[in-house]
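Have the sequence open beside the view as you read.

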Amino acid sequence: VFILDYDCQLIKYVFLKLPVIFSIDKNTSINIFFTCFPKLYRVRLLGALEHQEVRNVLVQGHIFLNTSLTEAFCMAIVEAASCGLQVVSTRVGGIPEVLPDDFIILCEPSVKSLCSGLEKAISQLKSGSLLSPEIMHDKVRTFYTWRNVAKRTEKVYNRVANEIVLPMGKRLERLITHCGPVTGCIFALLAMLSFLFLIFLKWLIPDDFIDTAIDATGLNGAWTRKYFHNKKKKENITNS
């Protein structure tokens, strides 16, 4: 069982014959923890690991516990699932969207909920109902590729480009009506100051001084024209 945070209630899992590895930089708190519970002889403190050592450490375990309070995209749980570990994680940020339901047990960011999720993973491990590491690795390796990420990013850009741009008056009205009479007015004032600052920057550096992004895709794209131009040039040199 790999644990990335600590709490005194985790002593209830000492009966397991599994390594419990802490990897945090709170040396003072760790010393206090082991002073209170000197019988935790199964715990190994690895500290910070080099990137090339992460895989060799992960494959030794069965469960990966992530206790993040804020997270956009947790790369650690993807690495753990790729190494065949059952992930137990807090339900914060974008974590619920990273892995499918059978790869992760989501918990509330509290000790009680994390202990319940950990007990569920342990019971699944004992009953043999967890997926094998080979199956998990083969599935995770297809989740995130550069081509897949590029397609998702393109969808986001296209969606934003097709949205209607509201005029400044409508934006201020929406801030005031949606955020309350006091907070909305404060947000509207900040938005107005930002808008005036952008107008000042536009006067200071006009649009003519800013390079415009060219369309490099499609049949008439810059890359296509450059490719065919170089190809024709090579053919002319070969024929001559």
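Predicted model: local features only at pLDDT ≥ 70, side-chain atom pairs only at ≥ 80, totals over all residues.

Residues are numbered from 1 along each chain as its sequence is written, and side-chain values use heavy atoms, with hydrogens and water left out.

**The helix α8 end**

Leu-196 is partly exposed, at 46% relative accessible area, and belongs to helix α8, residues 181-204. (Helices are DSSP runs of H or I with at least four residues, strands are runs of E with at least two, and both are numbered from the N terminus.)

Leu-196 is also one of the residues in a nonpolar surface patch of about 910 Å², together with Val-182, Ile-186, Phe-187, Leu-189, Leu-190, Met-192, Leu-193, Phe-195 and Ile-199. Patch residues have over 30% relative accessible area and no salt bridge, and nonpolar side chains (Val, Leu, Ile, Met, Phe, Trp, Tyr) are joined within 5 Å. Areas come from the Shrake-Rupley method with a 1.4 Å probe.

What does the record say about this stretch? An unreviewed UniProt entry annotates residues 175-201 as "transmembrane region"; such annotations may be inferred rather than shown by experiment. In the model, that span is 96% helix and 0% strand, and its end C-alpha atoms lie 24 Å apart.

**Aromatic pairs**

The whole structure has three aromatic pairs. Rings of Phe, Tyr and Trp (its six-membered ring) pair if their centres lie within 6.5 Å; planes under 30 degrees apart are stacked, over 60 edge-to-face, and the rest tilted. Two of these pairs are listed here.

| Pair | Centre to centre | Angle between planes | Type |
|---|---|---|---|
| Phe-73 and Tyr-144 | 5.4 Å | 85° | edge-to-face |
| Phe-200 and Trp-203 | 6.0 Å | 35° | tilted |

Phe-73 sits in the loop between β4 (63-66) and α3 (75-82), and Tyr-144 in the loop between α5 (133-140) and α6 (146-161), so the pair links distant parts of the chain, 71 residues apart. Phe-73 is partly exposed at 38%, and Tyr-144 is partly exposed at 27%.

Phe-200 and Trp-203 are about one helical turn apart because they are three residues apart in helix α8. Phe-200 is partly exposed at 43%, whereas Trp-203 is exposed at 64%.

**Salt bridges**

How many salt bridges does a search of the whole structure find? It finds two, a salt bridge being a side-chain nitrogen of Lys or Arg within 4 Å of a carboxyl oxygen of Asp or Glu. Arg-91 pairs with Glu-108, with the closest N and O atoms 3.5 Å apart. Arg-91 is in the loop between β5 (86-90) and β6 (104-107) and Glu-108 in the loop between β6 and α4 (111-127), so the bridge ties together parts 17 residues apart in sequence. Arg-91 is partly exposed at 42%, and Glu-108 is partly exposed at 42%.

Lys-202 and Asp-207 form a salt bridge at 3.8 Å, N to O. Asp-207 is partly exposed at 47%.

**The inside**

The largest nonpolar core has 18 residues, and Ile-77, Ala-81, Val-87 and Leu-99 have the most contacts inside it. Such a core is a set of buried Ala, Val, Leu, Ile, Met, Phe, Trp, Tyr and Cys residues joined through side-chain atoms within 4.5 Å. Helices α3 and α5 are the elements that give two or more residues to this core, and α3 provides the largest share, four residues.

How values were computed: Patch = residues over 30% accessible without salt bridge, like charges linked within 9 Å, V, L, I, M, F, W, Y side chains within 5 Å. Buried < 20%, exposed > 50% of the residue type's maximum accessible area, 1.4 Å probe, protein only.
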